[in-house]
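Reader: I should like a close look at the aromatic side chains and at the parts of the chain around them, with the cut-off behind each term spelled out.
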Amino acid sequence: GKIPGRPGMNPLRVSTRYEVPHAVAEQLKGAAKGLGVLSDAAAARKEFNISPGAAGAGTGTASFAFVDGEKYNISSFGHPKDIEDNLRSVAEARAMADFVLVEHHNSTSEGGRSTEASEFVVDFARKCIDTGADLYVGHGWHTFLGIEIYKGKPIILGTGNFIFQTGFQTRI
(Lines give C-alpha, C1' and ligand atoms only; values in the text may rest on other atoms or scores of the structure.)
Protein backbone atom coordinates (compact mmCIF):
# COMPACT_ATOMS: atom_id res chain seq x y z
CA GLY A 1 0.00 0.00 0.00
CA LYS A 2 1.23 3.44 0.95
CA ILE A 3 3.93 2.18 3.32
CA PRO A 4 7.31 1.25 1.81
CA GLY A 5 7.94 -2.49 1.54
CA ARG A 6 9.69 -4.22 4.41
CA PRO A 7 10.03 -7.71 5.83
CA GLY A 8 7.23 -8.80 8.10
CA MET A 9 4.47 -11.29 8.66
CA ASN A 10 0.72 -11.44 8.64
CA PRO A 11 -0.87 -13.57 11.34
CA LEU A 12 -3.39 -16.17 10.27
CA ARG A 13 -5.29 -17.64 13.19
CA VAL A 14 -6.79 -21.09 12.70
CA SER A 15 -9.65 -22.74 14.56
CA THR A 16 -10.23 -26.47 14.73
CA ARG A 17 -13.55 -28.22 15.26
CA TYR A 18 -13.70 -31.75 16.67
CA GLU A 19 -17.01 -33.40 15.82
CA VAL A 20 -17.80 -36.35 18.08
CA PRO A 21 -20.85 -38.65 18.29
CA HIS A 22 -23.59 -37.49 20.66
CA ALA A 23 -22.77 -40.00 23.42
CA VAL A 24 -19.14 -38.89 23.48
CA ALA A 25 -20.15 -35.21 23.48
CA GLU A 26 -22.36 -35.87 26.52
CA GLN A 27 -19.42 -37.51 28.32
CA LEU A 28 -17.13 -34.58 27.50
CA LYS A 29 -19.74 -32.09 28.67
CA GLY A 30 -20.28 -34.05 31.89
CA ALA A 31 -16.55 -34.14 32.63
CA ALA A 32 -16.16 -30.43 31.85
CA LYS A 33 -19.12 -29.50 34.05
CA GLY A 34 -17.69 -31.68 36.86
CA LEU A 35 -14.38 -29.86 36.54
CA GLY A 36 -16.14 -26.49 36.55
CA VAL A 37 -14.97 -25.43 33.10
CA LEU A 38 -18.36 -25.58 31.32
CA SER A 39 -21.52 -23.73 32.33
CA ASP A 40 -25.02 -25.18 31.93
CA ALA A 41 -25.76 -22.62 29.21
CA ALA A 42 -22.62 -23.54 27.27
CA ALA A 43 -23.34 -27.27 27.72
CA ALA A 44 -26.72 -26.77 26.05
CA ARG A 45 -25.03 -25.66 22.80
CA LYS A 46 -24.18 -28.00 19.94
CA GLU A 47 -20.67 -26.48 19.78
CA PHE A 48 -18.82 -26.17 23.07
CA ASN A 49 -15.38 -25.40 24.43
CA ILE A 50 -14.11 -27.29 27.47
CA SER A 51 -10.84 -25.46 27.98
CA PRO A 52 -10.27 -23.81 31.37
CA GLY A 53 -11.52 -20.23 31.34
CA ALA A 54 -14.30 -20.98 28.87
CA ALA A 55 -16.89 -21.80 31.55
CA GLY A 56 -18.83 -18.58 31.03
CA ALA A 57 -18.73 -18.57 27.25
CA GLY A 58 -17.92 -21.96 25.83
CA THR A 59 -19.14 -20.82 22.43
CA GLY A 60 -16.31 -22.27 20.41
CA THR A 61 -14.66 -18.90 19.82
CA ALA A 62 -11.36 -20.32 21.03
CA SER A 63 -8.89 -21.97 18.68
CA PHE A 64 -10.68 -25.28 19.15
CA ALA A 65 -14.12 -26.54 20.07
CA PHE A 66 -16.06 -29.77 20.19
CA VAL A 67 -19.22 -30.28 18.17
CA ASP A 68 -22.01 -32.65 19.20
CA GLY A 69 -22.51 -34.51 15.95
CA GLU A 70 -23.07 -37.81 14.20
CA LYS A 71 -19.51 -39.09 13.68
CA TYR A 72 -15.86 -38.42 14.40
CA ASN A 73 -14.50 -35.63 12.20
CA ILE A 74 -11.89 -32.89 12.45
CA SER A 75 -12.14 -29.69 10.43
CA SER A 76 -10.23 -26.44 10.46
CA PHE A 77 -10.78 -22.94 9.18
CA GLY A 78 -9.00 -19.62 9.18
CA HIS A 79 -10.12 -16.47 10.93
CA PRO A 80 -12.07 -14.54 8.23
CA LYS A 81 -10.46 -11.15 8.99
CA ASP A 82 -6.97 -12.66 8.97
CA ILE A 83 -7.64 -14.31 5.61
CA GLU A 84 -8.98 -11.03 4.24
CA ASP A 85 -5.91 -9.13 5.48
CA ASN A 86 -3.49 -11.70 4.05
CA LEU A 87 -5.22 -11.72 0.68
CA ARG A 88 -5.14 -7.91 0.61
CA SER A 89 -1.35 -8.14 1.05
CA VAL A 90 -1.14 -10.65 -1.80
CA ALA A 91 -3.13 -8.28 -4.05
CA GLU A 92 -0.88 -5.35 -3.10
CA ALA A 93 2.21 -7.44 -3.84
CA ARG A 94 0.73 -8.44 -7.22
CA ALA A 95 0.32 -4.74 -8.08
CA MET A 96 3.98 -4.02 -7.28
CA ALA A 97 5.93 -7.14 -8.25
CA ASP A 98 6.69 -9.35 -11.22
CA PHE A 99 6.58 -12.50 -9.10
CA VAL A 100 4.60 -13.06 -5.89
CA LEU A 101 5.49 -15.85 -3.48
CA VAL A 102 3.34 -16.62 -0.45
CA GLU A 103 5.08 -18.55 2.29
CA HIS A 104 2.82 -19.92 5.02
CA HIS A 105 4.01 -21.52 8.26
CA ASN A 106 1.31 -23.90 9.40
CA SER A 107 0.92 -27.08 11.38
CA THR A 108 -2.85 -27.48 11.37
CA SER A 109 -3.93 -31.11 11.31
CA GLU A 110 -7.29 -32.67 10.65
CA GLY A 111 -6.19 -35.93 12.22
CA GLY A 112 -2.87 -37.49 13.12
CA ARG A 113 0.40 -36.47 11.57
CA SER A 114 -0.77 -37.44 8.11
CA THR A 115 0.56 -36.77 4.64
CA GLU A 116 -2.42 -34.64 3.65
CA ALA A 117 -2.83 -30.93 4.17
CA SER A 118 -5.89 -29.73 6.06
CA GLU A 119 -8.84 -28.38 4.07
CA PHE A 120 -8.10 -24.93 5.47
CA VAL A 121 -4.56 -24.92 4.01
CA VAL A 122 -5.69 -26.10 0.56
CA ASP A 123 -8.46 -23.48 0.49
CA PHE A 124 -6.15 -20.67 1.63
CA ALA A 125 -3.44 -21.63 -0.89
CA ARG A 126 -5.95 -21.56 -3.75
CA LYS A 127 -7.30 -18.20 -2.61
CA CYS A 128 -3.73 -16.84 -2.65
CA ILE A 129 -3.31 -17.97 -6.27
CA ASP A 130 -6.73 -16.54 -7.18
CA THR A 131 -5.68 -13.22 -5.64
CA GLY A 132 -2.42 -12.98 -7.58
CA ALA A 133 0.27 -15.20 -6.06
CA ASP A 134 2.53 -17.03 -8.51
CA LEU A 135 3.65 -19.64 -5.98
CA TYR A 136 2.41 -20.81 -2.58
CA VAL A 137 4.85 -22.62 -0.28
CA GLY A 138 3.67 -24.16 2.96
CA HIS A 139 6.04 -25.25 5.70
CA GLY A 140 5.97 -26.12 9.38
CA TRP A 141 4.64 -29.65 8.96
CA HIS A 142 7.61 -32.03 9.09
CA THR A 143 6.08 -34.29 6.45
CA PHE A 144 5.94 -33.60 2.73
CA LEU A 145 2.32 -32.72 1.91
CA GLY A 146 2.39 -32.74 -1.86
CA ILE A 147 2.31 -30.33 -4.76
CA GLU A 148 -0.72 -29.21 -6.71
CA ILE A 149 -0.79 -27.25 -9.95
CA TYR A 150 -3.73 -24.88 -9.62
CA LYS A 151 -4.65 -22.64 -12.54
CA GLY A 152 -1.18 -23.31 -13.95
CA LYS A 153 0.63 -22.25 -10.77
CA PRO A 154 2.36 -24.47 -8.21
CA ILE A 155 1.08 -24.92 -4.70
CA ILE A 156 3.59 -26.67 -2.45
CA LEU A 157 1.38 -27.65 0.46
CA GLY A 158 4.23 -28.59 2.78
CA THR A 159 7.97 -28.88 2.22
CA GLY A 160 8.50 -31.33 5.08
CA ASN A 161 12.14 -31.25 6.10
CA PHE A 162 13.38 -30.60 2.57
CA ILE A 163 14.23 -27.00 3.47
CA PHE A 164 15.20 -27.04 7.10
CA GLN A 165 17.76 -24.80 8.79
CA THR A 166 19.64 -26.23 11.73
CA GLY A 167 22.03 -23.32 12.23
CA PHE A 168 21.84 -23.50 16.02
CA GLN A 169 23.21 -27.01 16.18
CA THR A 170 26.99 -27.26 16.35
CA ARG A 171 26.98 -30.92 15.33
CA ILE A 172 24.45 -32.79 13.23
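Are Phe48 and Phe66 buried or exposed?

Author: Phe48 is buried, and Phe66 is buried too, where buried stands for a relative accessible area under 20%, exposed for over 50% and partly exposed for values in between, with a 1.4 Å probe and protein chains only. The model is a predicted one, in which local features need pLDDT of at least 70 and side-chain atom pairs count only at pLDDT 80 or more, while totals for chains, interfaces and linings use all residues. Residues are numbered from 1 along each chain as its sequence is written, and side-chain values use heavy atoms, with hydrogens and water left out.

Rings of Phe, Tyr and Trp (its six-membered ring) pair if their centres lie within 6.5 Å; planes under 30 degrees apart count as stacked, over 60 as edge-to-face and the rest as tilted. By this rule there are 6 aromatic pairs. In one of them, Tyr18 and Phe64 have ring centres 6.4 Å apart and planes at 70°, so this pair is edge-to-face. Since Tyr18 belongs to strand E1 (residues 14–21) and Phe64 to strand E3, the pair ties together parts that lie 46 residues apart in sequence; helices (H or I, at least four residues) and strands (E, at least two) are DSSP runs, numbered from the N terminus. Tyr18 counts as partly exposed at 30% relative accessibility, and Phe64 counts as partly exposed at 27%. Phe48 and Phe66, in turn, form a stacked aromatic pair, at 5.9 Å centre to centre and with 25° between the planes. Phe48 lies in strand E2 (residues 47–48) and Phe66 in strand E3, so this pair ties together parts 18 residues apart in sequence. Tyr18, Phe48, Phe64 and Phe66 form one aromatic cluster.

Strand E3 (residues 64–69) also holds Gly69, which is buried at a relative accessible area of 10%. Leaving aside residues up to four places away in sequence, Gly69 touches Glu19, Val20, Pro21, His22 and Lys46, contact meaning heavy atoms within 4.5 Å. The C-alpha atoms of Gly69 and Ala23 are separated by 9.3 Å, although these residues are 46 residues apart along the chain.

Turning to another part of the chain, helix H3 (residues 80–96) has 17 residues, which at 1.5 Å a residue should span 24 Å, and its end C-alpha atoms are 25 Å apart, which agrees; the expected span is 1.5 Å times one less than the number of residues. Its buried residues are Asp82, Ile83, Asn86, Leu87 and Val90. These cover an arc of only 125° around the axis, which puts them on the same side of H3, the arc being that of the directions from the helix axis to the C-beta atoms. They pack against strand E4 (73–78), strand E5 (101–105) and helix H4 (119–131), while the face of H3 turned away from this buried side carries the exposed residues Pro80, Ala95 and Met96.
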